[in-house]
Amino acid sequence: VMPALDFARIAQEDGNDAKDGTLQLFSRLHHVNLDLDNSGEWIELGDGHRLWRLKIESPNALALNVAFKNFYMPAGAEMHVYSEDRTHTIGAFTSINNRDHKSFATANVHDDVIFIEYFEPANVRGQGVIALDYVGHCYRNITPRTAVAQRADDCEVKVACPEGEDYWDERKGVVRIAGVSS
């Protein structure tokens, strides 16, 4: 369970950022040191296969995401991240998601409780690496996963409205990029 966020302090910091023109934050990070050896539970499935499951809770979050400082999926292994009621699932993350730098981050899962589930086949037992560095607690500007499209902020051109007619080609290239700042 992650500690509660100090929303009075966050409101002050966000207000200062808005005055300074600093990019707007939508989440705050909880630094963690959670991995396959020091957290979660292993479940033996038979035939040498096993499943690791970790529950993460951050009260009152609109969504959660996780960043891994060390991430490696051997061939045949899979990782999923899902909401407590299992209505929002991302993954499977597999060996195709491995990178030379060993880091990895997920998209948002819309709930304040998520599970990370790692399936490890018997033939690669002990080869997978999952080491979490951060849990992102999303507290604003999160589009409900049932929404078709997110509304533009006040300073943005609404490309689906008459004022956006001059941007017909560009609207296909609109993206929101999330990154970790130190």
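Modeller: Strands E2 (residues 41-46) and E3 (residues 49-57) are paired in the antiparallel sense over 5 bridges. Glu 44, for instance, has Arg 50 in E3 as its bridge partner. As for the basis, this is a predicted model, in which local features need pLDDT of at least 70 and side-chain atom pairs count only at pLDDT 80 or more, while totals for chains, interfaces and linings use all residues. Residues are numbered from 1 along each chain as its sequence is written, and side-chain values use heavy atoms, with hydrogens and water left out.

Colleague: What makes E2 and E3 a pair of strands?

Modeller: Strands are DSSP runs of E with at least two residues, numbered from the N terminus. Two of them pair if DSSP finds at least two bridges between them. E2 and E3 have 5 bridges, and therefore they count as paired.

Colleague: Which residue in the hairpin of E2 and E3 takes a positive phi?

Modeller: Asp 47 does, with phi near 55°, in a hairpin that has 2 residues between the strands. This is a positive value in a residue other than glycine.

Colleague: Why is Asp 47 called exposed?

Modeller: Buried means under 20% relative accessible area, exposed over 50%, and partly exposed in between (1.4 Å probe, protein chains only). Asp 47 has 72% relative accessibility, so it counts as exposed.

Colleague: Why does Lys 102 count as partly exposed?

Modeller: The relative accessibility of Lys 102 is 36%, and therefore it falls in the partly exposed class. Lys 102 lies in the loop between E6 and strand E7 (104-105) and, although not a glycine, has a positive phi of about 70°.

Colleague: Is Ser 83 buried or exposed, and why?

Modeller: Ser 83 has a relative accessible area of 0%, so it is buried. Ser 83 belongs to strand E5 (residues 78-83).

Colleague: What is in contact with Ser 83, leaving aside its neighbours within four places in sequence?

Modeller: Contact means heavy atoms within 4.5 Å. On that basis Ser 83 is in contact with His 88, Val 109, His 110, Asp 111 and Val 113.

Colleague: Why is Thr 143 called partly exposed?

Modeller: Thr 143 has a relative accessible area of 22%, which means that it is partly exposed. Thr 143 lies in the segment after strand E9 (129-138).

How values were computed. Helix = DSSP H or I, 4+ residues; strand = E, 2+ residues; numbered from the N terminus.
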